[in-house]
Amino acid sequence: MEIVDNRQSPKIEQVEVMNKPVHNSVLGTKSIPLLYLRFALAGIMANVILGVVSVVDGYFVSNFQALEVEGIGIGFTVMVISRMLGVLFGIGAGAVISLRLGKGKITEARGIMGQTLWFTLFISILLAVLGLVFENQIMTLFGASNESLPYAVKYSRLLWISLPVTILAVVLSILTNIDEKPVLSMSSWLVASIVAATLEWVLVVKYHMGMMGSSWANTVALSVPVLLIFYFWFGKTNLKPKWKDMKIKLKTIGEVAWTGFASFSSQFMMFFAIIFFNNLLQSYGGGLHVAAFTIQNGYITNLLAFIALGGMTGLQPIISYNYGAGNFDRVKQAIKMGLIFTVTLFVVLTAIMIYFADPIMSFFSGGNPDLQKLGIWTTTVFNCMFALNAVTLLISGYFEAQERNWTATFINVSKMLLFTFPFMFIFPKYMGVDGIWYSAPASEIPGVLVAIYFIRKEFKSLKETKLT
């Protein structure tokens with residue numbers, strides 16, 4: 001298995017960076033364990049807070065009608081699009097900017113920041129218009145039945161309208177982390193969670209707005225971190241966006257998009273997996289299984305995914321900066337620290353989740369005994385291998401942070417194309433609707449083996465570099 005990378009060897013790069021004026025930063029000097037804990041924990045906390053917003057929303061949603069819950073699950077896919085594009089431009093720009101800062105190219109890094117923000121705004125406005133114009137067709141494509149279609153369209157309309165703002169919010173929170181302000185990034189999501197919980201209670205409980213109260217609460221809360229733009233405009237930072245950045249260079253955006261493509265591809269594959277899951281569950285199991293998947297995808301597994309993404313985005317600035325500066329010992333130390341932390345954290349989290357599956361599910365089932373029984377089983381099956389998923393994501397993020405995009409993309413895409421999608425269609429032919437649920441955890445095993453193959457090669461390469 002060989003993937004050709006678009007990079008020079010570490011030996012050549014180390015010689016090149018020795019004579020470059022490296023931007024002074026704690027990323028290149030502080031202890032790696034302390035640095036990783038600072039950035040990773042802030043990233044994880046920011047994403048946990050965001051996940052808690054979803055959990056609180058799930059509590060209120062659990063009291064809605066079954067068709068409303070089904071419609072919300074379909075409409076939730078718009079949030080996946082928001083996160084997907086935010087990750088594409090946020091992580092892509094973050095890695096490119098960090099690499100430039102590591103090499104001392106501060107002016108170039110600032111320009112990349114500004115162009116990314118303007119381009120993100122332009123492309124997200126275009127997508128929002130298309131989503132609103134073709135909302136019925138899109139919701140049907142996402143798996144809405146004739147009965148749930150009106151609810152899916154109604155719930156998603158506000159999400160389409162706010163799409164440019166929510167995408168920029170994700171991008172800005174990642175770039176704030178890159179600018180060595182992880183606590184500020186985390187705080188923006190903390191404010192968002194408080195706004196979400198307050199609005200949810202006021203709109204759903206006080207004013208009885210039902211699913212539209214949930215839609216409004218999510219829309220407003222997920223837009224809060226866009227206020228981080230004021231930090232970049234008025235704060236003490238080298239990454240101030242300027243009006244001249246509206247003159248976008250396609251080469252720059254191409255580099256950003258290609259660097260973020262690995263994370264985007266993971267989200268993009270998940271986007272299609274959600275569509276296939278909804279349609280297959282509707283076909284084999286009916287609305288009850290779609291509602292159970294809404295709870296897993298929208299709330300329970302979604303919380304784990306947020307934590308994994310937080311850990312990965314916390315590691316990336318450390319990897320990118322030190323790789324750009326030629327500090328390969330620190331690069332190796334950082335990824336080892338990340339792997340140990342990730343495995344330990346998610347083994348513990350999944351064990352706790354499986355043990356407490358019954359009370360966790362009762363929080364979302366709204367007293368429906370059939371949904372409660374199915375939900376306990378799906379919580380166990382669907383999440384039992386999530387630690388492997390988190391490891392795969394971290395390893396892919398490691399390569400992405402160095403602009404080694406072919407490797408990072410192959411790790412993400414191969415799991416979905418070679419394992420998840422085939423299992424999703426093959427398993428139910430022999431196991432019925434249960435096979436659809438088993439397909440996701442089963443694909444994590446070969447998926448993580450592919451990732452381990454590449455990281456072992458990387459450790460060998462870094463060891464040889466050190467000996468030279």
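Six helices, namely α4 (77-102), α13 (261-284), α14 (287-325), α18 (386-400), α19 (405-431) and α20 (433-467), each give at least two residues to the lining of the largest cavity. Helices here are DSSP runs of H or I with at least four residues, numbered from the N terminus. The largest share, eight residues, is supplied by α14.

The model is predicted, and local features need pLDDT of at least 70, side-chain atom pairs count only at pLDDT 80 or more, and totals for chains, interfaces and linings use all residues. Residues are numbered from 1 along each chain as its sequence is written, and side-chain values use heavy atoms, without hydrogens or water.

The search of the whole structure returned five cavities of 30 Å³ or more. A cavity is a set of points, on a 1 Å grid over the protein atoms alone, where a 1.4 Å probe fits but cannot get out; lining residues have an atom within 4 Å of a point. The volume is the space filled by probe spheres set on the points, which are joined across faces, edges and corners.

The largest cavity holds about 670 Å³. Its lining has 34 residues, with M270, T301, A305, F386 and N389 nearest the centre. By class, that lining has 20 nonpolar residues (Ala, Val, Leu, Ile, Met, Phe, Trp, Tyr, Cys and Pro), three charged (Asp, Glu, Lys and Arg) and 11 polar (the others, Gly among them).

The second largest cavity holds about 420 Å³. Among its 28 lining residues, N47, L50, V170, W189 and F306 are closest to the centre.

Notes:
1 Å grid on protein atoms, 1.4 Å probe; cavity = no way out; pocket = protein on both sides within 12 Å on 5 of 7 lines; lining within 4 Å.
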